[in-house]
Each structure stands twice: as C-alpha cells, then as structure tokens.
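Open the model in your viewer and keep the sequence panel in reach. Follow the stops in order.

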Amino acid sequence: MTELPREVVDTAERLTRLARRAVDDAEAAAYERDREERLAEYGFTARVRESDDTLVCHPAEWLEGGTVRMDRIEDTDRAVEVSLSGSGDPESWDAVEAHNAEVVEAVAERAGAVHAANARAFADFMGNHYARRVETATAAELREFLTEYFPRNAWPSEEQRGAVERSLEHVFAVTETDDQSRRSAIVDHDRD
C-alpha cells in the first residue's frame with residue numbers, strides 16, 4: 001500500500017496555493033498539472049473540497065471517471081487532508097513559511113535532526129493550517145498538532161514520536177516565547 005511522503009503533501013499544498021494566487025488561468029493550470037504529476041508518482045490525486053476549503057490527497061484508485069467510488073475506499077486514513085484556510089492571513093503565507101523555516105534551522109543547530117524534523121512538521125501545521133508563525137500557537141492548537149496532525153500527517157519515526165514534546169520546547173526556546181498555557185498543553189500531552 002503506497003503512502004504519500006510528507007514532503008510530497010507539502011509540495012502539493014504549496015502548488016495548490018500558488019495556483020490560487022496565479023495571475024492567469026494558464027499559470028494556475030501549470031501549477032495544478034505539476035501537483036497532479038507529483039502525486040501520480042505515488043498513485044494519488046488531489047481535489048479541493050470547497051465546502052471547508054481543504055486540499056484532499058487520496059489514492060487515484062478511488063476514482064472512476066473523475067468521481068470517487070465509495071466501494072473502492074478500503075482505508076480512509078490513506079487520504080491526507082490539508083486546510084487551505086485558517087485564522088491567519090493566507091496572503092502572507094510565503095513570509096510565514098520563511099520565518100518558520102528559519103526557526104526549524106535554529107532548532108536543527110541547537111538540538112539536531114530529530115528535533116528539527118518535528119519542528120518542520122509543526123511549522124507545516126502552523127503555516128498550512130493557520131498561516132501563522134510557530135510561536136503564535138495557542139494551547140488548543142498545540143493539542144491539535146500533538147493529538148491529530150502529528151500522528152496522522154507527519155509520519156514520525158519512533159524517535160520523533162518520543163521527542164516531539166521536547167522538540168516543541170526547542171521551538172519556543174529559539175523564538176524566545178514563554179507562555180505557561182502552551183507549556184501546560186505540551187506537558188499534559190506528555191502525560192497521556
């Protein structure tokens with residue numbers, strides 16, 4: 001069973017956002033074609049679910065004539081969903097991504113590759129779902145990341161799973177952000 005690597009999902013999302021911001025239809029179509037080609041390498045395709053503005057990447061085998069056939073869906077967990085809207089400003093996504101990438105690099109320098117990989121997953125979550133900088137995460141968003149996004153969409157190794165709480169502490173340390181409610185959300189998850 002082929003699964004989508006996280007970097008392919010991230011690229012599909014980036015191309016979807018670029019297509020939305022394209023100045024003409026040909027440019028938008030080129031981004032969408034690129035997205036489809038990259039997903040097709042893994043036997044996946046994508047669509048934007050307009051009802052909640054979500055990019056859905058799912059196995060192409062679920063389709064017949066462009067329509068999803070329910071009888072072909074064996075495991076819904078194979079699909080990956082990425083919200084294309086959030087409480088941040090989608091127009092500033094590039095600036096948010098640049099900032100969050102700098103934070104990931106600082107975590108890598110401070111704590112190594114495993115913590116950097118977790119910081120990258122958190123940066124993707126905050127940037128893609130909320131179009132905001134990592135250090136602005138609320139306690140509720142941290143819980144959402146730890147309980148929903150990270151285990152389902154980050155494809156973490158055992159080492160990453162064991163280190164994720166500490167990784168988030170590194171994120172807040174390098175951004176010099178100290179908020180007791182966030183710290184409590186991390187500690188509470190660690191106890192679960």
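Select threonine 54 and then serine 83 in β5: the two are bridge partners. Strands (E, at least two residues) and helices (H or I, at least four) are DSSP runs, numbered from the N terminus. Strands count as paired if DSSP finds at least two bridges between them.

A word on the model: it is predicted, so local features need pLDDT of at least 70, side-chain atom pairs count only at pLDDT 80 or more, and totals for chains, interfaces and linings use all residues. Numbering starts from 1 along each chain as its sequence is written, and side-chain values use heavy atoms, without hydrogens or water.

**The sheet**

Pick phenylalanine 44 and look across to proline 59 in β2, its bridge partner. Next, find the turn of the β1–β2 hairpin, with 4 residues between the strands. Aspartate 53 sits in that turn with a positive phi of about 55 degrees.

Show the 3 strands together: an open, antiparallel sheet in the order β1-β2-β5. On average, neighbouring strands are turned by 20 degrees against each other, direction ignored.

**The helices on it**

Select α1, residues 6–21. This helix packs on the sheet and touches β1, β2 and β5; contact means heavy atoms within 4.5 Å. The direction of α1 makes about 40 degrees with that of β5. Then take α2, residues 25–40, which touches β1 and β2. Its direction makes about 135 degrees with that of β1. Angles run from 0 to 180 degrees between N-to-C directions, with axes fitted to C-alpha atoms, for helices over the stretch in contact.

**Last stop**
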